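Here are my notes for you to read with the model open. Take the points one at a time and find each spot as you go.

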Amino acid sequence: MAYAVKEAFLTLQGEGVQAGSRAVFLRFAGCNLWSGREQDRATAQCNFCDTDFVGTDGPGGGRFADAEALAGHIESLWGGRKEERLVVITGGEPMLQLDHALIEALHARGFRIAVESNGTIAAVPGIDWLCISPKAGTEIVQRSGNELKLVWPQDGIDPADLEGWDFGHFLVQPMDCAETQASYEASIALAMARPKWRLTLQAHKVVGLK
Ligand SMILES: C[S@@+](CC[C@H](N)C(=O)[O-])C[C@H]1O[C@@H](n2cnc3c(N)ncnc32)[C@H](O)[C@@H]1O
Ligand SMILES: Nc1nc2[nH]cc(C(=O)O)c2c(=O)[nH]1
Ligand code: SF4
Ligand SMILES: [Mg+2]
């Protein structure tokens, strides 16, 4: 199948348990919870998104005819070194496009595959590190994975309801918004009140990485 990629770039993973790791980011175009247009934000199912995922015009973006072509592009962004290859597949919502063929092609090139998903679409098998970030008011079908990353605060989610889900790590990430200081305070309060949850910060924004 063909893939629509907003952008692809080499950086450090900024979020979650693997923060600090060198990684190629593959950002697919499109999301099932928001059109990506500002005029639709207020009525979208997810209305706090910090990302432009519309179109294929970003750095390293484009349309790729098949899995081999896209995996080759990701490999070229990583560079020649063979060890510790890591690709973080995000979006937009990556589960709209990620398929078995791309998983195979990336594994064949020695990549560990991490995915950032909103959990409304079941994950394809073969992912090495799955991060699910639930959005209030949506039906989360993917309730297992490596890390659950709750952007906070969100009206309509009770963290206690998520604690029985099958994840290795439960992370709270302050919502980047007009009142980020209040998000920090709410996130600290959650981690202090419920020790199952650990604070994670968007480190790339602090240090000026993409
Ligand atoms: C842009 S999303 C793409 C992947 C997928 N659609 C999802 O929502 O998980 C990547 C990560 O950024 C988080 N995120 C989006 N907007 C944010 C914001 N304003 N503040 C903090 N985290 C945010 C998401 O919850 C998700 O964990
Ligand atoms: N450096 C960096 N780390 C990230 N971790 C998750 C991101 C995302 O947008 O999915 C992201 C991102 O956009 N940049
Ligand atoms: S689900 Fe993810 S990509 Fe889609 S609008 Fe929300 S944060 Fe952005
Ligand atoms: Mg991001």
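1. Helices (H or I, at least four residues) and strands (E, at least two) are DSSP runs, numbered from the N terminus. While you're there, check the peptide bond from Gly 91 to Gly 92: it is cis, with omega near 20°.

2. A bit of housekeeping. This is a predicted model, where local features need pLDDT of at least 70 and side-chain atom pairs count only at pLDDT 80 or more, while totals for chains, interfaces and linings use all residues. Residues are numbered from 1 along each chain as its sequence is written, chains are lettered from A and ligands numbered from 1 in the order in which they are written, and side-chain values use heavy atoms, with hydrogens and water left out.

3. Now look at ligand 3. Around ligand 3 you'll find Cys 31, Leu 33, Trp 34, Cys 46, Cys 49, Phe 53, Gly 92, Asn 118 and Lys 135 (a residue is near a molecule if one of its heavy atoms lies within 4 Å of it). That shell splits into 6 nonpolar, 2 polar and 1 charged. Here Ala, Val, Leu, Ile, Met, Phe, Trp, Tyr, Cys and Pro count as nonpolar, Asp, Glu, Lys and Arg as charged, and the others, Gly among them, as polar.

4. Which residues carry the "binding site" feature in UniProt's unreviewed entry? The entry places that feature at Cys 31, Cys 46 and Cys 49. They are spread over 19 residues of sequence but cluster in space, with a largest C-alpha distance of 10.6 Å. UniProt positions are in the numbering used here, feature names are shortened, and annotations may be inferred rather than shown by experiment.

5. Is Cys 46 buried or exposed? Cys 46 counts as buried because its relative accessibility is 9%, whereas Cys 31 is partly exposed at a relative accessible area of 23%. Buried means under 20% relative accessible area, exposed over 50%, partly exposed in between (1.4 Å probe, protein chains only). Cys 31 sits in the loop between S2 and S3, and Cys 46 lies in the loop between S2 and S3 too.

6. On to contacts, meaning heavy atoms within 4.5 Å. Leaving aside neighbours within four places in sequence, Cys 31 is in contact with Phe 53, Gly 92, Glu 93, Leu 96 and Asn 118. With residues up to four places away not counted, Cys 46 touches Leu 33, Trp 34 and Lys 135.

7. Thr 51 is also listed by UniProt under "binding site" (unreviewed entry). Thr 51 is in the loop between strand S2 (22-28) and strand S3 (62-64), and its relative accessible area of 17% makes it buried. Not counting residues up to four places away in sequence, Thr 51 touches Arg 27, Trp 34 and Gly 91.

8. Two backbone details are worth a look. The peptide bond from Trp 152 to Pro 153 is cis, with omega near 5°, and Pro 153 lies in the loop between strand S7 (144-152) and helix H3 (159-162). Glu 84 has phi near 60°, a positive value in a residue other than glycine, and Glu 84 is exposed at 60% relative accessibility.
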